[in-house]
Amino acid sequence: VNTNYKQSELEYLCENSDMHTLCIIDGTWDCDYVDMTYKMLPELRTCQRGKLHSERFPKMKNVIYIGQEKHRGMYNTAEILLLGSSISDDRLIQAKKQVNCHDVVNMQYTSGTTGFPKGVMITHHNMVTVGINSFEVNGFEKGDVILHCAPYFHVMGLGAIVRFVLYEVKAVILESFNAKRVLQLIEQEEITVHVGVPS
């Protein structure tokens, strides 16, 4: 989800994508994601975690707060890790058998410059192929140290994760662009590749 989305845009995306689980942080400089989520899903304030029944968003079942704080109706990071540790490996193996590389792994939303954003379904195969091709076309190497500032809701940011994993490069990640911090990191971390947009 684009972290710059306002209330109406977030609600549109959640409804349009039939989202099942929304993962949030506190917010950004001008958005409070916890507050936005409660406005969108007022039922969270009275339901148990994992038992969401929303009239407006019937497909939405879970909200996960990435952090240690507890918010009514939402799982936090520690609770999700605890739930995961109680699931058997057999269940994971069975789940893996139900998917393949041609299944959709990401719904990338366009910027919506000419209307509402439209969801583009991206398969695992497509994402890995783009990651490989961009790595090779740009001449990256396994020993590179990559400074990455592009947001992960953007296709460039998402593709970077694939490159980091496939090529075992060292990734230095910034939550948001700050020119002074970028210059410091280039020197401090001996950055060989800086991934970012011209601005």
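Tutor: Before we look at any residue, recall that a polar contact is a pair of N or O atoms within 3.5 Å, where within protein one atom must be able to donate a hydrogen and the other to accept it, and where residues adjacent in sequence count only if both atoms are side-chain atoms. This is a predicted model, in which local features need pLDDT of at least 70 and side-chain atom pairs count only at pLDDT 80 or more, while totals for chains, interfaces and linings use all residues. Residues are numbered from 1 along each chain as its sequence is written, and side-chain values use heavy atoms, with hydrogens and water left out.

Student: Which backbone nitrogens does the side chain of Ser 54 reach?

Tutor: The side chain of Ser 54 reaches the backbone nitrogen of Phe 57 at 3.0 Å, and that of Arg 56 at 3.4 Å.

Student: Where does Ser 54 lie, and is Ser 54 buried or exposed?

Tutor: Helices (H or I, at least four residues) and strands (E, at least two) are DSSP runs, numbered from the N terminus. Ser 54 lies in the loop between helix H2 (33-40) and strand E4 (62-65). As for accessibility, buried means under 20% relative accessible area, exposed over 50%, and partly exposed in between, with a 1.4 Å probe and protein chains only; with a relative accessible area of 7%, Ser 54 is buried.

Student: Which residues does Glu 15 touch, leaving out those up to four places away in sequence?

Tutor: Contact means heavy atoms within 4.5 Å, and with that exclusion Glu 15 touches Arg 56 and Phe 57. Glu 15 itself belongs to helix H1 (residues 7-16) and is partly exposed, its relative accessible area being 43%. The C-alpha atoms of Glu 15 and Met 60 are separated by 8.7 Å, although these residues are 45 residues apart along the chain.

Student: How many disulfides does the count come to?

Tutor: A disulfide is a covalent bond between the sulfur atoms of two cysteines. The rule applied here asks for a pair of cysteine sulfur atoms within 2.5 Å, and by this rule the count comes to zero.
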